[in-house]
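Please open the model in your viewer and keep the sequence panel beside it. The tour below moves from one selection to the next and says what is to be found at each stop.

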Amino acid sequence: AWPLDFVQHERGHALDGPHSATADGFAEDSANDHQVYDSPFDVMSDSAAPRNIDPSRRGAPGVLAVNLYSVGWLDRSEIEFVDPNRHPIDEWHDATRLVSTDSGGGDGSRLMVIPVGDRRFVTVELVAARDDNDHLRSSGVVIHLVEPADNNEGRRNVLLTESLVGQERSWTWNDGRLEFAVGTVAEDGNVVAADVRFRRLGSDRVERGSS
């Protein structure tokens, strides 16, 4: 019999869910479309990640917020859409309060979406290390780049750009265009939350950051 996590993965495709991977996974053999789906945060990537840690586990990891939204399981009102061009270069944007998608209530957004041009956008979400994701070592923020693609079942590429997991301090990540600062992840009852800020970098900072 097929493992349950594999069945969940294939059902995700039936709901139009695309594969996701880390940068290394997508680069594995992209010329021949032999990517390695190696992200432990997504049922549409390494669906066996929980089972690899605990052989008794049957279920796959949770569903990324962008896929929850695409099938109507996440309401638009729960998403903060941010236009980075409306914010001055090198100035921090006001903090966005993110709550994990599995939190029962909580004051905050469940997904942050930032367009970066050419039908590409960055998603920022908080993943709680519990239930479907209890194989993770701790809760944290994950950042993905979502872009159109012809070689991913005709859907889109979902690239895990950074996972800010397992630390008890503020983090900063810089992809050469946007810089993120993530506050400490806090848990209050059933609600897991963290504050996230971002800023656009000036051309001189981008050049230095990419060198």
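Leaving aside its neighbours within four places in sequence, which residues is Ser20 in contact with? Select Ser20 and the residues around it: the contacts (heavy atoms within 4.5 Å) are with Phe26, Tyr37, Asp38, Ser39, Asp42, Met44, Ser45, Leu64 and Val158. Before going further, note that this is a predicted model, in which local features need pLDDT of at least 70 and side-chain atom pairs count only at pLDDT 80 or more, while totals for chains, interfaces and linings use all residues. Residues are numbered from 1 along each chain as its sequence is written, and side-chain values use heavy atoms, with hydrogens and water left out.

Ser20 is found in strand S1, residues 20–22; helices (H or I, at least four residues) and strands (E, at least two) are DSSP runs, numbered from the N terminus. At 1% relative accessibility, Ser20 counts as buried, where buried means under 20% relative accessible area, exposed over 50%, and partly exposed in between, with a 1.4 Å probe and protein chains only. Now display the side chains of Ser20 and Asp42, which make a polar contact at 2.6 Å; the term stands for a pair of N or O atoms within 3.5 Å, where within protein one must be able to donate a hydrogen and the other to accept it, and residues adjacent in sequence count only if both atoms are side-chain atoms.

Next, colour the whole chain by secondary structure, which shows five helices and 11 strands. Of the 211 residues in the chain, 45% are buried.

Move on to helix H1, residues 4–14, and select Asp5, His9, Gly12 and His13, which are buried. These residues cover an arc of only 105° around the axis, so they lie on the same side of H1; the arc is that of the directions from the helix axis to the C-beta atoms. An α-helix has 3.6 residues a turn, so residues three or four places apart point the same way. On the other side of H1, Arg11 and Ala14 are exposed, whereas the cover over the buried residues includes helix H3 (49–53). Following H1 comes Asp16, with a positive phi near 75°.

Then turn to the largest pocket, which holds about 580 Å³ of space. Of the 30 residues that line this pocket, the closest to its centre are Val43, Pro61, Gly62, Val63 and Leu68. Helix H1, helix H4 (65–70) and strand S5 (120–127) each give two or more residues to the lining. On a 1 Å grid over the protein atoms alone, a pocket is an open set of points where a 1.4 Å probe fits, with protein on both sides within 12 Å along at least five of seven lines, and lining residues have an atom within 4 Å of a point. The volume is the space filled by probe spheres set on the points, which are joined across faces, edges and corners.

Beyond four places in sequence, Leu145 touches residues including Val116, Phe121, Val122 and Leu159.

Finish at two loops. Arg119, between strand S4 (111–117) and S5, has a positive phi of about 60° although it is not a glycine, and is exposed at 68% relative accessibility. Asp131 lies in the loop between S5 and S6, with a positive phi near 50° and a relative accessible area of 57%, which makes Asp131 exposed.
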